[in-house]
Amino acid sequence: MVRYIGGELYRRYYIMTLTSELLRDNFPELSEPGLIRDIEVNGKVFYLEAGDRLMEYGDNIRSMPLLLEGSVSVLRRDDQDNEIFLYYLQAGETCAMSLTCCMADKKSEIRAIAEENSAMILLPVHFIDEWIVKHPSWKAFVMDTYRKRFEELLHVVDSVAFQKMDERLWQYLIDKSTARNSHTLEITHQKIADELNSTREVISRLLKQLEKEERLILGRNRINLCL
């Protein structure tokens with residue numbers, strides 16, 4: 001099945017039926033019967049393969065995701081096209097940045113990429129404001145999402161301002177390992193450098209130092225964390 005999501009054409013496969021049980025299992029805080037019915041009627045379940053882009057800079061945002069399985073990385077770039085990693089979207093969560101763009105009727109200011117095979121519910125954006133007024137549990141969910149992401153963004157600011165690059169790199173690897181639920185990361189040094197707004201040479205040097213400290217093992221486009 002082919003769908004237009006985020007302004008570009010991607011392959012999407014239905015892998016499960018959207019039911020009240022699926023919602024309660026993954027989003028227990030969205031407990032109102034009326035809200036569950038609204039999501040069942042208007043939401044669609046989609047599958048993304050690892051590496052698929054859910055959202056790109058400048059896209060018109062038509063849907064907001066509720067992640068059921070897998071993980072999605074969220075990145076932001078500045079006016080000089082420097083890109084930095086912000087946070088991971090994991091099962092049971094939605095994206096605060098996409099919520100902000102939806103509610104402000106703005107184009108996407110982020111890039112969102114599936115870290116692994118992922119399943120999510122996509123909800124048409126025009127229901128977001130309506131449900132905040134209509135369903136108290138939806139309003140609480142949206143506000144809690146903003147709170148959690150604000151705390152994560154403060155962590156990003158603190159790491160950039162106060163941590164050395166080797167500390168940022170190690171924390172980045174730990175976070176990515178947790179998001180993927182694996183100690184083995186299939187990733188290039190250049191990709192890490194891009195997400196940490198550094199250079200490949202610096203990242204390669206620091207990774208080799210971490211390997212000497214026996215905290216990881218380097219392979220070809222692969223890093224095994226010794227945790």
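Helix H3 (96-103) contributes the most to the lining of the second largest pocket, supplying three residues; helices here are DSSP runs of H or I with at least four residues, strands are E runs of at least two, and both are numbered from the N terminus. The model is a predicted one, in which local features need pLDDT of at least 70 and side-chain atom pairs count only at pLDDT 80 or more, while totals for chains, interfaces and linings use all residues. Residues are numbered from 1 along each chain as its sequence is written, and side-chain values use heavy atoms, with hydrogens and water left out.

Helix H4 (127-134) also supplies at least two residues of this lining. The second largest pocket is lined by 12 residues, and Ile61, Cys101, Cys102, Asp105 and Val125 lie nearest its centre. A pocket is an open set of points on a 1 Å grid over the protein atoms alone where a 1.4 Å probe fits, with protein on both sides within 12 Å along at least five of seven lines; lining residues have an atom within 4 Å of a point. The space in the second largest pocket is about 160 Å³, a volume being the space filled by probe spheres set on the points.

The largest pocket holds about 400 Å³ of space. Its lining has 21 residues, with Phe85, Leu86, Tyr87, His155 and Asp175 nearest the centre. Strand E7 (83-90), helix H5 (136-162) and helix H6 (165-180) each provide at least two residues of the lining of the largest pocket.

Strand E7 also belongs to an open antiparallel sheet of four strands, in the order E4-E8-E6-E7; strands pair if DSSP finds at least two bridges between them. Strand E4 (53-55) and E7 are the edge strands, and each has a single partner, so one side of each is without a neighbour in the sheet. From one strand to the next, the twist averages 30°, with axes fitted to C-alpha atoms, for helices over the stretch in contact, and angles running from 0 to 180 degrees between N-to-C directions. Seven bridges join E7 to strand E6 (residues 71-77) in the antiparallel sense, and Ser73 stands opposite Tyr88 in E7. Helix H6 lies across E6 and E7, at about 30° to E7, where contact means heavy atoms within 4.5 Å.

Back in helix H4, Phe127 and Trp131 are four residues apart, about one turn of the helix.
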